[in-house]
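Have it open next to you while you read, and go through the points in order.

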Amino acid sequence: MTMQTSLRGIAEKAANAPKHRFQDLSRLLSVENLQWCWTLLNKKAAPGVDEVDYYSYQENLLGNIESLVDRLKKGTYKAKLVRRKWIPKGQDKLRPLGIPVIEDKLLQMAVKQILQAIYEEDFLECSFGYRPGLGPLDAVRVLTQSLQFGKVGYVVEADIEGFF
């Protein structure tokens, strides 16, 4: 069974049985499913502390993924340290950025796909943050339309400049 089929089944179960508690989702971290998740990674992303980039890992992709799955099953997998990079944020400010190694990025993508299939069913239509296919411009578009044509009882202005 492919990852996409499994995710569809999980999403349907989450939608139809909201109180269901999923068991043994780790079985989805298989060689086949991690190969599918590999296609979703950013090829241009910076390497982590091990300096292994997308293309270097891909040279022995099947072997690398088989090794990863083996370590997961044995319980010996350990995430590597995250490389810290400071990037400019505004005027004279820096923001820390953590860059995981490519193998950790692959696992994070797989876990993201699984959790997204479960929790996407719980989100409201008016929720736009970190949702697939939605972004800040979609939120602005809906808000603009609501303010122009909807019934609005009040508007609150807040300054969250330093929050992010």
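1. Let's start with E103. Leaving aside neighbours within four places in sequence, E103 touches Y57, N64, L68, R71 and Y77, where contact means heavy atoms within 4.5 Å. This glutamate sits in helix α5; helices here are DSSP runs of H or I with at least four residues, strands are runs of E with at least two, and both are numbered from the N terminus. Is E103 buried or exposed? E103 counts as buried because its relative accessibility is 11%, and the buried class is under 20% relative accessible area, with exposed over 50% and partly exposed in between (1.4 Å probe, protein chains only).

2. A word on what we're looking at: this is a predicted model, in which local features need pLDDT of at least 70 and side-chain atom pairs count only at pLDDT 80 or more, while totals for chains, interfaces and linings use all residues. Residues are numbered from 1 along each chain as its sequence is written, and side-chain values use heavy atoms, with hydrogens and water left out.

3. On to the charged pairs. How many salt bridges does a search of the whole structure find? The search turns up four, taking a salt bridge as a side-chain nitrogen of Lys or Arg within 4 Å of a carboxyl oxygen of Asp or Glu. One of them joins K74 to D70 at 3.1 Å, N to O. Both residues belong to helix α4 (residues 61-74), four residues apart, about one turn of the helix. K74 is exposed because its relative accessible area is 60%, whereas D70, at 35%, is partly exposed.

4. R141 is partly exposed at 47% relative accessibility, and D138 is partly exposed at 22%.

5. Now have a look at E120 and R131, whose side chains form a salt bridge at 2.5 Å, N to O. Both lie in the loop between α5 and α6 (136-149), so the pair ties together parts that are 11 residues apart in sequence. E120 is partly exposed at 22% relative accessibility, while R131 is buried at 11%.

6. For the strands, β1 (residues 83-88) and β2 (residues 94-99) pair in the antiparallel sense over six bridges; pairing requires DSSP to find at least two bridges between two strands. R83 stands opposite I99 in β2. The two strands make a hairpin with five residues between them, and G90 in the turn has a positive phi of about 70 degrees. As a reminder for reading the side chains, in a regular strand they alternate between the two faces of the sheet.

7. Which residues make the nonpolar surface patch of about 360 Å²? They are V111, L115, Y119 and F123. Patch members need over 30% relative accessible area and no salt bridge, with like charges joined within 9 Å and nonpolar side chains (Val, Leu, Ile, Met, Phe, Trp, Tyr) within 5 Å; areas come from the Shrake-Rupley method with a 1.4 Å probe, and for residues only the protein chains shown count as cover. V111 is in helix α5 (residues 102-119) and is partly exposed at 36% relative accessibility.

8. Last, the cysteines. C37 is buried, at 0% relative accessibility, but C126 is exposed at 59%. The disulfide count is zero, with a disulfide taken as a pair of cysteine sulfur atoms within 2.5 Å.
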